[in-house]
Amino acid sequence: MGSIQMLCCPRDGTALVRGHTTHSDAFTDHGMLHCPTCTGILLNAEAATNSITEEKLKKMHQAFQTDCEKTDLDCPCCDSKMRVRQIVFKRINGTDLDPIELDGCPECNTFWFDSGELQRVVSPDDEPYEESDREASVLLMALELLILLPYKFV
Ligand SMILES: [Zn+2]
Ligand SMILES: [Zn+2]
């Protein structure tokens, strides 16, 4: 905790923030930070205070330690080049959601969700949000639900 405060967005370099007061508990529980510019969301297992989330993120991390596609993104936490995988979450009723591209760091337990990827899952009909604040809240709540669901890498 603490050191995660000064991280920058791997896409556009904007300082990441812990979000709005209404969702600050969720941010802290799941070790989330969000980018006010592109509304992408960073997850970090060490920053998560929810032990279920922490365990889950550490498991997800293993999938990025093995060979997978490299990206040009620098990990905001340790400056390694991040890698990318397709992750599929399962709904409560057992059906699969559309695959999402997830960027993960091979060195530390850090993940990056592009807002466009989350948006595809949250609102497939692609209705634009009017305020970016609202969009960030919706994406955040979606991600909070997503990481509690079972998943597989494809
Ligand atoms: Zn950004
Ligand atoms: Zn890292």
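Modeller: Gladly, and burial comes first. A residue is buried if 20 or more other C-beta atoms lie within 10 Å of its own, exposed if 12 or fewer, and partly exposed in between, with C-beta atoms placed from the backbone. By that count, 32% of the 154 residues of the protein chain are buried. Please keep in mind that this is a predicted model, where local features need pLDDT of at least 70, side-chain atom pairs count only at pLDDT 80 or more, and totals for chains, interfaces and linings use all residues. Residues are numbered from 1 along each chain as its sequence is written, while chains are lettered from A and ligands numbered from 1 in the order in which they are written.

Biologist: Why is Lys152 called exposed?

Modeller: Lys152 has 12 other C-beta atoms within 10 Å, so it is exposed. Lys152 lies in strand 7, a strand being a DSSP run (E, at least two residues; helices are H or I, at least four), numbered from the N terminus.

Biologist: How many helices and strands does that give for the protein chain?

Modeller: The protein chain has 4 helices and 7 strands, and along the sequence they follow the pattern α-β-β-α-β-β-β-β-α-α-β.

Biologist: What makes strand 4 and strand 7 a pair?

Modeller: Two strands pair if DSSP finds at least two bridges between them. Strand 4 and strand 7 (residues 151-153) have 3 bridges, in the antiparallel sense, so they pair.

Biologist: Which other strands are joined to strand 4?

Modeller: Strand 5 runs antiparallel to strand 4, with 5 bridges, and Arg83 stands opposite Gly104 in strand 5. Strand 3 (residues 70-74) is also antiparallel to strand 4, joined by 2 bridges. Strand 3 and strand 4 form a hairpin with 6 residues between them, and Asp79 in the turn has a positive phi of about 70°.

Biologist: What makes a group of residues a nonpolar core?

Modeller: The members must be buried Ala, Val, Leu, Ile, Met, Phe, Trp, Tyr or Cys residues joined through C-beta atoms within 7 Å. The largest such core has 30 residues, and Met32, Ile41, Leu42, Phe111, Phe113 and Leu143 touch the most other members. Helix 4 gives the most to this core, with 4 residues.

Biologist: Which residues does Leu42 touch?

Modeller: Leaving out residues up to four places away in sequence, Leu42 touches Leu7, Leu16, Met32, Leu33, Pro76, Thr110 and Trp112. Contact here asks for C-beta atoms, placed from the backbone, within 7 Å.

Conventions. Two residues are in contact if their C-beta atoms, placed from the backbone, lie within 7 Å.
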